[in-house]
Amino acid sequence: MVSDRSRLGFYLLLAPILLWLVVLIILPHIGLFLVSISEKIGPREYETGFDNYAVFFTEPLYWRTFARTAIMSIMTTALTLILGFPIAYYIAKLTRGRTKTTLFLMCMIPFWVSELVRTFGWMILLRETGVISNTLQYLGLVNGPIEMLYNDAAIMVGLVYTSILFMVVPLVTTLDSLDDSLIEAGYDLGGTSTSIMREIVIPHAMPGIVSGCIVVFMLSLGNYLTPILLGGKDSLWFTGMIYTQFITRFNWELGSAFGFLLLALSSLVVFLGLKFSGQSLSETMGRP
Amino acid sequence: MKYSLVSSFVVASLLTAHTAQAETLRLLTWGGYAPEEVIAKFEAETGHTVEVTTSNNEEMIAKLRATNGGGFDLAQPSQDRITSAQEEFGIYKPIDMSRVNADLFIPSMLSATAGNTTFDGDVYGLPHVWGTSGLVVNTAMAGDVQDYTDLCDASVAGKVSYRLKRPTLIGFAYSMGLDPFAAYGDADAYQGILDQVEAKLTECKPNVKTYWGGGDEIKNLLRSGEVVASMAWDTGGWQLNADNPDITFVAPEAGALGWIDTFVLPARGRADDAAYDWINFVMQPEIAAMITNTAGNFTAAVDGDAGVSADLKARYQGSFDQTAIDNIKWYPPVPAGLEALEGATLDRINAAN
Amino acid sequence: MPFFILRGCNLTHPNPDLECRDLTKDFDAFRAVDHISFDVPQGSFFSILGPSGCGKTTLLRMIAGFQSPTSGDLRIKGKSMIGVPPNKRPVSMVFQHLALFPTMNIGDNVGFGLRQRGVNKAEIKTRVEQVLDRVGLPHVSERRVDQLSGGQKQRVAIARCMVLEPDVLLLDEPLGALDLKLREHMKIELKSLQHAFNTTFVYITHDQSEALVMSDNIAVMSNGRFEQIGSPHDVYHRPDTAFVAGFVGDANKIDAKVTEVNSAMLTLATETGSEMKVEAAGTGLSVGQPAQVFLRPEAIALGALDAGAESGANTSQGTVETVFFNGANSTVTVKDGAGHLVKVAMPQTGDFATLKKGDAISTCWLPKQARCYAVSGNA
């Protein structure tokens with residue numbers, strides 16, 4: 001009787017998450033998959049097959065964009081890690097109390113405005129008639145206006161800016177949990193700053209590094225606005241391609257196939273990343 | 001139980017019948033086509049309420065396709081995008097001409113649109129706002145740009161912008177002496193034209209600063225002087241002209257590309273009465289003038305230009321003399337499947353280095 | 001006792017491993033360590049004993065190099081360590097919570113220091129095995145840190161330091177986290193390890209029993225100063241100050257006034273009028289001054305009421321208030337006629353095993369068994 005009731009309670013508690021999973025995640029994906037395997041042969045005429053997936057592999061533009069997106073996302077992730085680690089280390093280990101809270105909050109401030117506004121902010125800074133170009137001219141460092149927008153570097157800047165918080169937060173949490181005495185013990189035993197970083201701090205922070213990297217990679221790979229607004233003529237992004245297929249080309253079939261390929265790609269890269277770093281997903285995500 | 005169910009059904013249907021007089025019109029339209037003052041006037045006069053969603057051609061079709069033509073009661077895609085979408089997705093329902101006050105429409109436009117939006121013998125569209133796309137040029141800095149292909153001239157290198165969309169393909173084709181509209185029916189001939197345009201646009205790519213995406217983006221680029229010549233809508237040029245007299249819309253030598261935005265009824269719209277009321281309301285000359293003043297484009301309403309501001313008229317006349325008006329290339333309906341060819345061409349241009 | 005003094009508090013030992021001269025550390029307005037000087041001879045076990053907040057940790061961290069002194073000098077094997085970073089000092093430290101690296105296995109933990117010195121892999125492996133063997137943990141190199149028990153971790157932490165053959169090993173209350181039984185065991189083990197390695201140990205603790213059991217010398221620290229440096233025996237039986245007398249070991253503290261001074265023999269009276277005689281030379285006390293008398297529970301003898309007192313002993317009659325049975329450490333509190341409570345150690349002969357609350361009993365102690373100190377301004 002008691003166990004029946006507790007079991008009922010368990011299912012009641014489970015219900016929202018199951019509902020959420022099934023209705024908002026599993027069902028749409030099934031629908032999307034069904035769309036992706038229907039080939040259009042005429043107006044309102046479809047047949048089942050994997051032609052849409054074949055198109056992806058036969059058309060170089062698609063898989064090149066795909067590879068480009070993945071590589072740039074990985075570079076963004078690496079750059080975010082390189083920039084985020086010192087910030088996180090400083091916040092977690094070298095500041096106390098109020099300063100710590102303030103710095104943490106400052107990392108979050110950009111996220112109080114929408115992504116669109118943030119991206120427009122970068123456009124104002126980077127464009128030919130923008131703040132940076134004008135300042136450089138005013139200071140006499142350059143002769144004419146310089147264009148910093150509409151290239152891959154601008155995309156990287158935007159993506160790193162957008163995702164750095166998601167790297168800093170898990171890093172601060174794991175670095176916070178690193179006992180200072182471990183670092184002191186490292187020095188005491190003759191370690192240098194470099195060797196302590198390599199042998200003690202980084203191995204300890206590994207779960208945070210991996211979870212931060214996964215989140216940042218996913219965010220960059222799935223970002224739409226930043227590459228579209230900051231990127232130039234050649235800056236294709238795979239999500240933009242999916243949007244084009246769905247909206248401008250009315251080609252939901254190919255768009256869905258692209259969507260699934262993106263899902264597969266991101267899963268693959270995350271899997272390889274975990275393998276490479278010797279971490280397990282449950283360890284990385286289970287640790288706050 | 002059964003009785004209460006039946007009675008509540010009756011009450012519900014009575015209520016529905018009652019509110020038939022005052023419905024909510026969910027309007028899917030372009031920015032500027034439903035100004036606040038027009039909505040207020042309409043709501044006061046008819047008792048309907050209006051909910052506006054602004055969008056563009058592609059998104060309108062995508063939205064209606066996602067719901068099989070539901071979610072909205074009236075939409076305003078361009079006339080060339082109606083029959084193919086209807087053929088593919090069946091998202092519209094035919095217009096009941098008996099409920100439209102045809103006297104409010106300029107007869108030639110009404111019949112042209114009816115012709116262009118007929119599918120399986122039914123008419124699906126009524127003309128509303130029309131305009132053109134052509135060149136918006138900073139005449140002080142790029143006075144030589146008179147035609148689409150002039151955008152590829154070395155004198156404006158790095159200061160040019162256009163969209164990577166189908167109007168660009170069409171405009172360049174005309175400028176290159178080709179006739180893409182005539183080839184609409186012949187996929188092979190059209191592909192031949194596309195190949196030539198692709199070569200031209202690929203060659204032109206280094207000249208382009210960026211491919212613009214939204215109206216605000218191109219206006220910013222022109223206003224700041226970062227771009228001096230672009231392919232864009234006439235209204236954008238006229239709006240910029242108000243701020244900077246050097247910038248204006250130029251009807252290209254090969255002809256501006258004319259479009260007509262229409263009224264269509266989504267297949268599963270629920271407030272047809274309100275939709276027809278709205279159509280008959282906004283086509284009145286004085287209301288049409290109000291819309292022209294906010295949207296910047298003229299309407300298909302009879303005498304709709306009477307109440308339009310003198311400034312706008314002057315800008316329009318500055319851009320279009322009679323020859324230019326006669327030379328406007330009006331978009332014919334896009335045959336289904338053509339967009340796939342264009343898409344592939346655009347992709348290749350985008351990918352070219 | 002004189003042989004203790006020879007090894008003990010001798011500031012001019014010929015070759016001390018560690019010398020501190022006037023070492024001072026200020027944190028803003030707060031002086032954590034106040035002009036401390038001491039030497040630790042080679043191969044000895046030196047404890048710094050004090051309550052928390054007395055500055056002992058700061059002192060240890062200065063020796064390790066994690067903090068730099070505000071003034072004073074610190075020498076190890078005759079070389080000044082001022083300005084030398086922790087990784088360049090010939091000292092190693094066993095941290096309070098051991099600070100074993102959880103991301104490495106035991107072998108890598110112990111080999112960490114050698115790797116930093118660039119010792120080749122094969123040699124590291126042999127030396128790690130050797131040192132683990134010496135601490136009694138052979139064949140654990142491949143295990144993870146969390147697979148060891150508390151005592152084993154302790155030994156690994158010591159091995160990790162000892163493999164580097166430091167001149168001085170610093171230990172920061174490493175036994176604090178262990179349970180009582182293990183702690184007792186580790187005390188003996190630490191001492192024997194120190195003996196086996198023959199390395200100078202500097203051990204800080206707030207636990208007097210740890211200090212008393214293991215040390216060759218103890219410095220009792222309070223408010224940034226050393227109250228006394230001496231052998232455990234000295235510190236226990238001949239505390240220099242009231243603080244030491246109160247902090248080290250158990251003691252009855254009696255407030256009294258001096259009523260008579262007869263060379264080394266003082267007569268004192270408490271407020272309630274009970275008199276006592278205390279033999280204390282060089283206290284500088286004069287008649288009428290307030291003083292504190294410290295009396296160890298084990299210095300007091302219990303007797304039957306009519307037991308003939310030894311001549312010159314302080315005796316008083318009282319009743320048993322409470323009996324605390326704790327095996328060999330059993331005590332009894334006796335309330336004397338004036339209402340003072342006195343803690344008395346139960347003789348281990350079992351003579352008074354039947355003692356219970358309310359029994360009438362007499363207490364007796366010799367004047368030389370108590371210590372007497374002037375009540376100074378800051379005491």
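**View 1. Where helix α9(B) meets helix α10(B) in this predicted model.** From α9(B) come Gly215(B), Ile218(B), Lys219(B), Leu222(B) and Arg223(B), and they meet Gly236(B), Gln239(B), Leu240(B) and Asp243(B) of α10(B). Sorted by class, the residues of this contact are 3 nonpolar, 3 polar and 3 charged. A pair of packed helices is described by two values, the angle between the axes and the distance between them. Here α9 (residues 215-223) and α10 (residues 234-243) of chain B pack at about 40 degrees, and their axes are 11 Å apart. Because angles under 35 degrees count as roughly parallel and those of 65 to 115 as roughly perpendicular, this angle makes α9(B) oblique to α10(B). If you are looking for the hand of the crossing of α9(B) and α10(B), it is right-handed.

**View 2. The open sheet of chain C.** At the edges sit β6 (91-94) and β10 (225-230) of chain C, each of which pairs on one side only. From one strand to the next, the twist averages 20 degrees.

**View 3. A parallel pair within that sheet: β3(C) beside β9(C).** Strand β3 (residues 45-49) and strand β9 (residues 217-222) of chain C run parallel and are joined by 4 bridges. For a place to start, find Phe46(C): its bridge partner in β9(C) is Asn217(C).

**View 4. The side of chain B that touches chain A.** In this contact, 24 residues of chain B face 17 residues of chain A. On the chain B side, the elements that give two or more residues are α3 (57-66), α4 (83-89), β9 (208-211) and α15 (338-351). Of these, α15(B) gives the most, with 7 residues. By class, this side of chain B has 10 charged residues, along with 7 nonpolar and 7 polar ones.

**View 5. The side of chain A that touches chain C.** Chain A brings 15 residues to this contact and chain C brings 17. Two helices of chain A, α8 (180-188) and α9 (193-221), are the elements that give two or more residues to the chain A side. Helix α8(A) gives the most, with 6 residues. Here the classes come to 6 nonpolar, 6 polar and 3 charged residues on the side of chain A that touches chain C.

Conventions: Residues are numbered from 1 along each chain as its sequence is written. Chains are lettered from A and ligands numbered from 1 in the order in which they are written. This is a predicted model: local features need pLDDT of at least 70, side-chain atom pairs count only at pLDDT 80 or more; totals for chains, interfaces and linings use all residues. Two residues are in contact if their C-beta atoms, placed from the backbone, lie within 7 Å. Ala, Val, Leu, Ile, Met, Phe, Trp, Tyr, Cys and Pro count as nonpolar, Asp, Glu, Lys and Arg as charged, and the others, Gly among them, as polar. Two strands pair if DSSP finds at least two bridges between them. Axes are lines fitted to C-alpha atoms, for helices over the stretch in contact, and angles run from 0 to 180 degrees between N-to-C directions. Angles under 35 degrees count as roughly parallel, over 145 as roughly antiparallel, 65 to 115 as roughly perpendicular and the rest as oblique. A crossing is left-handed if the near helix is turned anticlockwise from the far one by less than a right angle, and right-handed if clockwise.
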